[in-house]
Amino acid sequence: MTTTTETYGVDPTPTPLALLLLGREADPNSERGVECPGDLPAASDPDLVERARAAKEKLGDRVFILGHHYQRDEVIEFADVTGDSFKLARDAAARPEAEYIVFCGVHFMAESADILTTSAQQVVLPDLAAGCSMADMATAEQVAECWDVLTEAGIADVTVPVSYMNSSADIKAFTGKHGGTICTSSNAQRALEWAYEQGQKVLFLPDQHLGRNTAVRDMGFSLDDCVLYNPHKPNGGLTVEQLRNARMILWRGHCSVHGRFSLDSVNDVRARIPGVTVLVHPECKHEVVSAADMVGSTEYIIKALDAAAPGSAWAIGTELNLVRRLAKAHPDKEIVFLDRAVCFCSTMNRIDLPHLVWALESLVEGRVPNVITVDPETEKYAKAALDRMLALP
């Protein structure tokens, strides 16, 4: 099957409503917070490739480079392993001989790596500006205030917090301290099933869509079983009765990239590509997940395309760098980005080759830049929550 990039390819067409590469414009039909502010660094000087190779060779086994699936190709080229956030953190923990863990991802991922690695290892984030809009939507102070609201409503003692891996160490620690667990997009259902064995309600942080989609799509809940807690409103914008009647209390947070996709995106791609299979990440909105053919984590998406028949057509609802990489890896299949508008994960893209070279050359010179350290108290409770996840059947 032959296609043209302009009509069907993985490079969507920028429009006045598109986020372009960076979100210099915002789509009024998208959720708040999807503007993806910031500048995507310019394409790297080819000389940097040789400098990265030389620095990595000098460091040898002392350095272990992790590359998240959403990173740009020029960074992935130098990664020792690639994967999602938790897989990478575990990979780092399995390499205790590496003095330096260079995490090409975002801040919360580097925190998880620091929690799971030894005290003799140092975790480096090449650019401290590489944050996560979703993780930033739930602060420790906001979540503590939410717990006070639940306590006043008389339901805190029957509520179990479940936090998505895409959260700060502070939120993971809150979860561990209150008897909860962490989940990934792959094991969210198992985590929720465990939580309901411990209590009657779940406070799901910080991604409302993963929580709602798992409860409704995978566990048979109704949308009425879920309420949305807005930290910017008194009592979360909810009445005591609403809180007491709810089974799922969803935090008002979302992914700035996956929040881009809409039902119109699904309908549009089906009209353009007859027979296309729509495969989306569970961080997408409920109406998008409901309209898709397949739903799964990043690893699930990769495995599905690896197993797909030659000549099949796929529209993928996840970060554009990964979709491009998958299209390049499977030239025998038609793989397109679900949305016509362009939106990379702008904070993930802050980890570019110039920053990686700077970090590696600093290590060669004996300087350890941008070390990510989680304090012992936070680490203790965050690790307790992570350990509960690892113990899930």
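A residue is taken as buried when its relative accessible area is under 20%. By this criterion, strand β1 of the predicted model is mostly covered, with 6 of its 6 residues buried. The strand spans residues 63–68. In a regular strand the side chains alternate between the two faces of the sheet. In β1 both faces are covered: V63, I65 and G67 are buried on one side, and F64, L66 and H68 are buried on the other.

Strand β1 belongs to an open sheet of 4 strands, arranged in the order β2-β1-β3-β4 with parallel pairing. The edges of the sheet are formed by β2 (81–83) and β4 (122–124), each of which pairs on one side only. Neighbouring strands in the sheet are turned against each other by 25 degrees on average, direction ignored.

The pairing of β1 was examined on each side. With β2, β1 pairs in the parallel sense over 3 bridges. Among the residues involved, L66 has V81 of β2 as its bridge partner, and H68 is partnered by G83 of β2. With β3 (residues 100–104), β1 is joined by 5 bridges, and these two strands also run parallel. In this pairing L66 stands opposite F103 of β3.

Two helices were considered next. Two packed helices are described by the angle between their axes and the distance between the axes. For helix α9 (residues 188–198) and helix α10 (residues 208–218), the axes come within 10 Å and cross at roughly 80 degrees. Angles of 65 to 115 degrees count as roughly perpendicular, so α9 is roughly perpendicular to α10. The contact is made by A188, Q189 and L192 on the α9 side and by L210, T214, A215 and D218 on the α10 side. By class, the residues in this contact comprise 4 nonpolar, 2 polar and 1 charged.

Cysteines were also inspected. A disulfide is a covalent bond between the sulfur atoms of two cysteines. The structure holds 0 disulfides.

Terms used. Residues are numbered from 1 along each chain as its sequence is written. This is a predicted model: local features need pLDDT of at least 70, side-chain atom pairs count only at pLDDT 80 or more; totals for chains, interfaces and linings use all residues. Side-chain values use heavy atoms; hydrogens and water are left out. A disulfide is a pair of cysteine sulfur atoms within 2.5 Å. Two strands pair if DSSP finds at least two bridges between them. Axes are lines fitted to C-alpha atoms, for helices over the stretch in contact, and angles run from 0 to 180 degrees between N-to-C directions. Angles under 35 degrees count as roughly parallel, over 145 as roughly antiparallel, 65 to 115 as roughly perpendicular and the rest as oblique. Contact means heavy atoms within 4.5 Å. Ala, Val, Leu, Ile, Met, Phe, Trp, Tyr, Cys and Pro count as nonpolar, Asp, Glu, Lys and Arg as charged, and the others, Gly among them, as polar. Buried means under 20% relative accessible area, exposed over 50%, partly exposed in between (1.4 Å probe, protein chains only).
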